[in-house]
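Hi there,

Here is the structure I promised to pass on.

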Amino acid sequence: MAELERLVIEQYPAARITLEVSRQLVRLLPISSAENLRRNLEKSPLEVDGETIDLGRAIEALPEEIFPIDSVGTLVEKVSAAVQIVGVAVREGHLKLGSEHFVRLAQDAVVMATAGRPGIPAGHFTGPSLFGYTRGE
């Protein structure tokens with residue numbers, strides 16, 4: 001099973017980043033607030049692929065509703081969501097990352113997360129439906 005996990009993590013950057021960040025944050029549990037997280041990360045910053053991540057502004061932008069983070073499951077869920085959000089924000093040009101390496105990682109994480117999802121055929125919703133009759137253009 002360890003070989004399978006290793007292969008999946010190698011193929012999906014979002015999974016690898018989530019694992020790497022979660023491994024570093026798990027020592028901080030429970031995380032009671034954004035301020036608590038910021039103070040802890042000042043002492044020991046996060047690293048991905050050997051590069052330090054500057055989370056200064058990102059932490060300030062965290063809504064208080066995501067706290068507390070008091071279990072490993074909740075931590076992984078929230079880190080995974082953050083990886084996806086950052087990836088989309090970078091891809092759409094809403095967020096600038098200082099490191100080209102992080103830019104590539106964020107973009108790859110989003111591309112890999114959306115790759116292979118089945119699309120809905122264009123004519124799928126033509127004809128009668130619960131909502132009335134639809135017509136394809």
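Below are my notes on one helix and on some salt bridges.

First, the ground rules: this is a predicted model, in which local features need pLDDT of at least 70 and side-chain atom pairs count only at pLDDT 80 or more, while totals for chains, interfaces and linings use all residues. Residues are numbered from 1 along each chain as its sequence is written, and side-chain values use heavy atoms, leaving out hydrogens and water.

Helices here are DSSP runs of H or I with at least four residues, numbered from the N terminus. Helix α2 covers residues 13–25 and reaches 18 Å from its first C-alpha to its last, close to the 18 Å expected (1.5 Å times one less than its number of residues). Its buried residues (under 20% relative accessible area with a 1.4 Å probe, protein chains only) are P13, A14, I17, T18, V21, S22, Q24 and L25. Seen down the axis, they fall within an arc of 160 degrees (taken from the directions from the axis to the C-beta atoms), so they line one face of α2.

On to the charges. The whole structure has seven salt bridges, each a side-chain nitrogen of Lys or Arg within 4 Å of a carboxyl oxygen of Asp or Glu. Among them:

- E10 with R6, at 2.3 Å from N to O; both sit in helix α1.
- R16 with E20, at 3.5 Å; both belong to α2, four residues apart.
- R39 with E35, at 3.8 Å; both are in helix α3 (residues 34–43). Shared partners link E35, R38, R39 and E42 into one network.

Best wishes

Technical notes. Helices (H or I, at least four residues) and strands (E, at least two) are DSSP runs, numbered from the N terminus. Buried means under 20% relative accessible area, exposed over 50%, partly exposed in between (1.4 Å probe, protein chains only).
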